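Here is a short briefing on one protein chain. Keep the sequence and the structure in view as you read.

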Amino acid sequence: MNEPLTLRYDIDGENFTSAGEASVKVKKALRQLGFSQEIIRRVSIAMYEGEINMVIHANGGEIEKTDEWGRKKLAYPIDYKTEVYYVLVNFAAAPELPRELERNFRNDESILRYMVVRQNG
């Protein structure tokens with residue numbers, strides 16, 4: 001029997017931490033239900049992109065472009081990881097939003113590295 005799986009989480013768009021907690025709960029539920037690591041990884045990436053988009057929009061920003069670069073091998077291990085998933089998000093926002101995103105990225109242990117760059121023009 002193929003019944004749809006429905007998980008519902010209320011997220012505060014201005015609270016990056018609450019968005020991350022929902023992602024952790026979904027991953028845990030999928031593991032308990034026996035989904036493959038590949039499916040869990042793909043769902044996690046999609047949720048994380050959604051969380052970042054939600055925070056940007058909730059703070060008055062606008063997503064201009066999202067470009068998934070995919071899995072890449074690292075030149076050297078970071079926290080025992082040898083492969084990571086890269087996503088480039090171009091957005092327009094008030095000057096304080098990038099600082100807020102960086103603060104949240106620093107506190108999120110699932111993000112190994114990040115870079116926020118201001119584009120001129």
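R41 and E38 sit 3 residues apart in helix α2, so about one helical turn separates them. Their side chains meet in a salt bridge, at 2.6 Å from N to O. The model is predicted.

**Salt bridges**
- Side chains of opposite charge can pair when their charged atoms come close.
- The chain has a count of 3 salt bridges.
- E38, a partner of R41, is partly exposed at 39% relative accessibility.
- E83 and R71 form a salt bridge through their side chains, at 3.0 Å from N to O.
- That pair links distant parts of the chain: E83 is in strand β2 (residues 81–92) and R71 is in strand β1 (residues 62–78), 12 residues apart.
- E83 is partly exposed, with 39% relative accessibility.
- R71 is partly exposed too, with a relative accessible area of 42%.
- E100 pairs with R103 in a salt bridge, and their closest N and O atoms are 2.6 Å apart.
- E100 counts as partly exposed because its relative accessibility, 28%, lies between the 20% and 50% cut-offs.
- R103 has a relative accessible area of 38% and is partly exposed.

**Overall layout**
- The chain contains 3 helices and 2 strands.
- Starting at the N terminus, the order of elements is α-α-β-β-α.
- Along the principal axes, the C-alpha atoms fill a box of roughly 55 × 35 × 25 Å.
- Of the 121 residues, 26% count as buried.
- Among contacts with a separation of 6 or more, 49% come from residues 24 or more positions apart.

**Surface and charge**
- The accessible surface of the chain is about 9100 Å², and carbon and sulfur atoms hold 49% of that surface.
- L5, L7, Y9, L33, F35 and I39 make a nonpolar surface patch of about 500 Å².
- F35, a member of this patch, is in the loop between α1 (16–32) and α2.
- F35 is partly exposed, with a relative accessible area of 37%.

**Around V43**
- V43 is part of helix α2 (residues 37–58).
- Its relative accessible area is 30%, so V43 is partly exposed.
- Beyond its neighbours within four places in sequence, V43 is in contact with V26 and L30.
- R113 is 70 residues from V43 in sequence and 20 Å from V43 in space, C-alpha to C-alpha.

Methods: Residues numbered from 1 in each chain as written. Predicted model: local features only at pLDDT ≥ 70, side-chain atom pairs only at ≥ 80, totals over all residues. Heavy atoms only, no water. Helix = DSSP H or I, 4+ residues; strand = E, 2+ residues; numbered from the N terminus. Buried < 20%, exposed > 50% of the residue type's maximum accessible area, 1.4 Å probe, protein only. Contact = heavy atoms within 4.5 Å. Patch = residues over 30% accessible without salt bridge, like charges linked within 9 Å, V, L, I, M, F, W, Y side chains within 5 Å. Areas by Shrake-Rupley, 256 points an atom, 1.4 Å probe, with all protein chains shown as cover. Salt bridge = Lys/Arg side-chain N within 4 Å of Asp/Glu carboxyl O.
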